[in-house]
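Please read the following alongside the sequence and the coordinates.

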Amino acid sequence: MRAVVIREFGPPGVLRLAEVAEPAAGPGEVTVDVELASVTFVETQVRSGHPPHSSMLPALPAILGNGVGGTVAGRRVVTSLSGTGGYAERAIAPAGQLIEVPDGVPLRDAVALLADGRTALALIELAAPRAGDTVVVEAAAGGVGTLLVQLARNAGARVVALAGTDRKLAVARELGADGAVSYAEPGWEQRVRDAAGDVDVVFDGVGGSIGRAAFGLLRAGGRFCPFGMASGSFAPVPPDLAAARRVTVLRGAVPDVARRTALTRAALAEAAAGRIRPVIGQEHALARAHAAHAAIEARATTGKTLLTVPG
C-alpha cells in the first residue's frame with residue numbers, strides 16, 4: 001500500500017510517499033480503509049524532531065498521523081490511532097475506539113471533529129461560559145478556535161475573536177463572532193478593551209506573549225483556559241500572578257479513552273443537529289503531506305487541514 005513515510009526528523013520535505021507493507025491487525029484491532037487523515041500542528045512538531053514531549057518521538061522509519069476516517073466492513077467510521085499510522089491507505093485501529101459517523105454528517109466533517117471537536121467541547125465544559133459573558137478566543141480561525149467561537153455563541157456569550165490576518169478574522173465573523181481583532185497589530189489589547197470591556201473567559205490557543213497579554217484582559221474572577229502553543233510555548237502565567245489577579249487558570253486533565261470517545265460522539269451529535277460545523281480550510285492529496293505541514297508551519301491555514309486518500 002501507499003503511505004507517507006518519515007525516515008529522519010527535519011523539514012516538511014522529509015515526508016515522502018512510498019510503497020510499504022500492508023499493516024496486519026492483531027487481536028482486538030481492525031483495518032480501516034482510510035479516505036481522509038487529519039493533520040495537526042503537533043504532528044509538524046513531531047516531524048521536525050521537536051514535539052512538546054520527547055516521548056512523542058516515534059521510532060524511525062514511521063508513518064505519522066493519529067486520526068483517520070474511512071470504512072470498516074462498509075461502515076463509515078472515524079478513529080484515533082496510537083499516535084502514528086494515519087498518513088496511509090490503510091491503518092490499524094483498536095476495534096473499541098471506532099466511532100460511527102451519524103447520518104447526515106459528511107465523513108470529512110467527522111474527521112475534522114475527531115480531535116478538535118472533543119477538545120473544544122471539553123474546553124467549553126471547563127470554562128462554562130454563560131449568557132452575558134464576554135469570551136475571547138485566540139487562534140479563532142483554527143480547527144479548535146472556529147468551534148469555540150460557535151460553542152461560546154451557542155451558550156449566549158459575546159465572542160471576540162483574535163487572529164493574525166484579515167482573512168482569518170473574516171472566517172471568525174462568518175461564524176458569529178461579535179468582534180474580531182488582529183493580534184498582529186500594535187495596541188490590539190486596547191482595541192479588545194474598547195470593544196468588549198471586561199473579559200470573563202480567555203481561550204488561549206497561541207501561548208507566548210500573545211497569550212500572556214490576553215490573560216491581562218481578564219477581570220477579577222475571570223477564567224483563563226490555555227489549550228495551545230502556536231507561538232511555540234505556553235503563556236507565562238505563574239500561579240502567584242493568577243492568584244493576585246483573582247483569575248482561575250483552567251487546565252483540564254488528559255481524558256481517558258472512554259472520555260475522548262464520549263466527547264467526540266457529542267461533537268458529532270452537535271454537528272448532526274446543525275449546531276456546529278467544522279471549518280475545513282484546506283485539503284491536500286496524500287502525496288502532498290509535506291505541503292500540508294509547510295502551510296501549517298507558515299500559519300497560512302484556516303480551520304482544519306486534511307489529507308485525502310488516495311491522492
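Apart from its neighbours within four places in sequence, Pro52 is in contact with Val42 and Gln45, contact meaning heavy atoms within 4.5 Å. The model is predicted: local features need pLDDT of at least 70, side-chain atom pairs count only at pLDDT 80 or more, and totals for chains, interfaces and linings use all residues. Residues are numbered from 1 along each chain as its sequence is written, and side-chain values use heavy atoms, with hydrogens and water left out.

Pro52 sits in the loop between H1 and strand S4 (67-72); helices (H or I, at least four residues) and strands (E, at least two) are DSSP runs, numbered from the N terminus. With a relative accessible area of 36%, Pro52 is partly exposed. On this scale buried means under 20% relative accessible area, exposed over 50%, and partly exposed in between (1.4 Å probe, protein chains only). Met229 is 177 residues away from Pro52 in sequence, yet the C-alpha atoms of the two are 9.5 Å apart in space.

Val42, one of the contacts of Pro52, belongs to helix H1 (residues 41-48). Its relative accessible area is 32%, so Val42 is partly exposed. Together with Phe41 and Met56, Val42 makes a nonpolar surface patch of about 210 Å². Patches are made of residues with over 30% relative accessible area and no salt bridge; like charges are joined within 9 Å, and nonpolar side chains (Val, Leu, Ile, Met, Phe, Trp, Tyr) within 5 Å. The areas come from the Shrake-Rupley method with a 1.4 Å probe, and for residues only the protein chains shown count as cover.

H1 also packs against helix H9 (residues 289-297), at an angle of about 105° and with the axes 10 Å apart. Axes are lines fitted to C-alpha atoms, for helices over the stretch in contact, and angles run from 0 to 180 degrees between N-to-C directions. H1 and H9 are therefore roughly perpendicular to each other; angles under 35 degrees count as roughly parallel, over 145 as roughly antiparallel, 65 to 115 as roughly perpendicular and the rest as oblique. On the H1 side, Phe41, Glu43, Thr44 and Arg47 meet His293, Ile296 and Glu297 of H9.

Which helix is largely enclosed by the rest of the structure? In helix H6 (residues 208-215), 6 of the 8 residues are buried, so H6 is largely enclosed. The buried residues are Gly208, Ile210, Gly211, Ala213, Ala214 and Phe215. Their cover includes helix H5 (188-196), strand S11 (199-204), strand S12 (218-226) and helix H7 (239-245).

Gln150, in helix H3 (residues 143-154), is buried with a relative accessible area of 7%. Beyond its neighbours within four places in sequence, Gln150 is in contact with Leu175, Arg275, Ile276 and Arg277. Gln150 and Ser231 are 81 residues apart along the chain, and their C-alpha atoms are separated by 23 Å.

The last topic is charge pairing. Side chains of opposite charge can pair when their charged atoms come close. A search of the whole structure finds 12 salt bridges, each being a side-chain nitrogen of Lys or Arg within 4 Å of a carboxyl oxygen of Asp or Glu.

One of them joins Glu89 and Arg2, at 3.3 Å from N to O. This pair links distant parts of the chain, 87 residues apart: Glu89 is in the loop between strand S5 (75-80) and strand S6 (90-94), and Arg2 is in strand S1 (residues 2-6). Glu89 counts as buried at 17% relative accessibility, whereas Arg2 counts as partly exposed at 24%.

Glu22 and Arg90 form another salt bridge, with the closest N and O atoms 2.5 Å apart. Because Glu22 lies in the loop between strand S2 (15-19) and strand S3 (29-39) and Arg90 lies in strand S6, the pair ties together parts that are 68 residues apart in sequence. Glu22 is partly exposed at 45% relative accessibility, and Arg90 is partly exposed at 23%.

Lys304 forms a salt bridge with Asp116, the closest N and O atoms being 3.6 Å apart. Here Lys304 of strand S15 (residues 304-308) is linked to Asp116 of helix H2, 188 residues apart. Both Lys304 and Asp116 are buried.
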